[in-house]
Amino acid sequence: MSTPRPRPPARRALRRLPLNAAAALTVVVCLFPVYWMVTTAFKPSTDIQTYDPRLVPGAWTFEHFRKAVGADGFALFWRNSLLVTLSAVLLALLVALGAAYAVARMRWRGRRQFMLAVFVAQMAPWESLIIPVYIISRDTGMLDRLPTLTLIYFMITLPFTVVVLRGFIAGIPPELEEAAQVDGCTRATAFRKVAFPLLAPGLMATSLFGFITAWNEFTYANFLIIKQQDSRTLPVWLSSFQSTFGTDWGATMAASTLFALPALIIFLALQRHVTAGLASGGVKG
């Protein structure tokens, strides 16, 4: 029986050409708005308002960045966003880790119904809950407080965190923990010393998702922080460059560029772990 001939490299490249072209087009479409935002932040105001836009700025300026950094409340709102985002992500990781372990390793009545409820919560549009959340926050005296935003962002990111970590824990052979228990470790100690170090990619993936979700959230921050302006976050601060006289597009694009930097830096630093975590959490368990 003859073995099939390998295809020539030129033919393989030709067959992949439509896929490569589609991938390149997707990248261009997704990155062009980001490119336009960054280049607009460096353009002089006269070039931004022109009727003949240029893909490459003819002149460069840092004036818009100086205006954005020097705006009222920049440092304060930056601190608020960082505090609320990190608190919500850490709280979601702690709670989801226990819930995911219980679902993946233990057998108890209602386990499937619990995961179904988690999936339903993940699919629910959180914007539809803004009215009941506002009423509850008003009646309990929790308006204009950063802990309120922290709890809301925690609830938003928790379902996804449980789903991904559950799949990732299920992908770790339970025999590893059982061997540690035979050596004298308790179940908690075996998980902490054996399974937990293997969860790093899953933790990276879920924490990045939670960080981006909480960092970019605008609706709840805008509706629940009304009187206490010092409790606002960066997404709401971006709207301060709009006035009755129009929008300062240069300062808005510069502020948006600064706003996007933390999430971009974290993603680039954790990219390899995030890809592995999403793949493992999505196909195992």
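Ser 207 is buried, because its relative accessibility is 17% and buried denotes under 20% relative accessible area, with exposed over 50% and partly exposed in between (1.4 Å probe, protein chains only). The model is a predicted one, in which local features require pLDDT of at least 70 and side-chain atom pairs count only at pLDDT 80 or more, while totals for chains, interfaces and linings use all residues. Residues are numbered from 1 along each chain as its sequence is written, and side-chain values use heavy atoms, with hydrogens and water left out.

Ser 207 belongs to helix H10 (residues 200-216); helices (H or I, at least four residues) and strands (E, at least two) are DSSP runs numbered from the N terminus. A polar atom of the Ser 207 side chain lies 2.9 Å from the backbone oxygen of Met 204. Apart from neighbours within four places in sequence, Ser 207 is in contact (heavy atoms within 4.5 Å) with Val 89 and Leu 93.

Helix H4 (residues 74-105) packs against helix H7 (residues 146-170) at an angle of about 35°, and their axes are 6 Å apart. Here axes are lines fitted to C-alpha atoms, for helices over the stretch in contact, and angles run from 0 to 180 degrees between N-to-C directions.

As to confidence, pLDDT (the predictor's confidence in each residue, from 0 to 100) has a mean of 82 over the chain, with 89% of residues at 70 or more. The mean is highest in H4, at 90, and lowest in strand E1 (residues 242-243), at 65. Over residues 281-285 pLDDT stays under 50, and the model has nine contacts beyond four places in sequence for these residues.

Key: A polar contact is a pair of N or O atoms within 3.5 Å; within protein, one must be able to donate a hydrogen and the other to accept it, and residues adjacent in sequence count only if both atoms are side-chain atoms.
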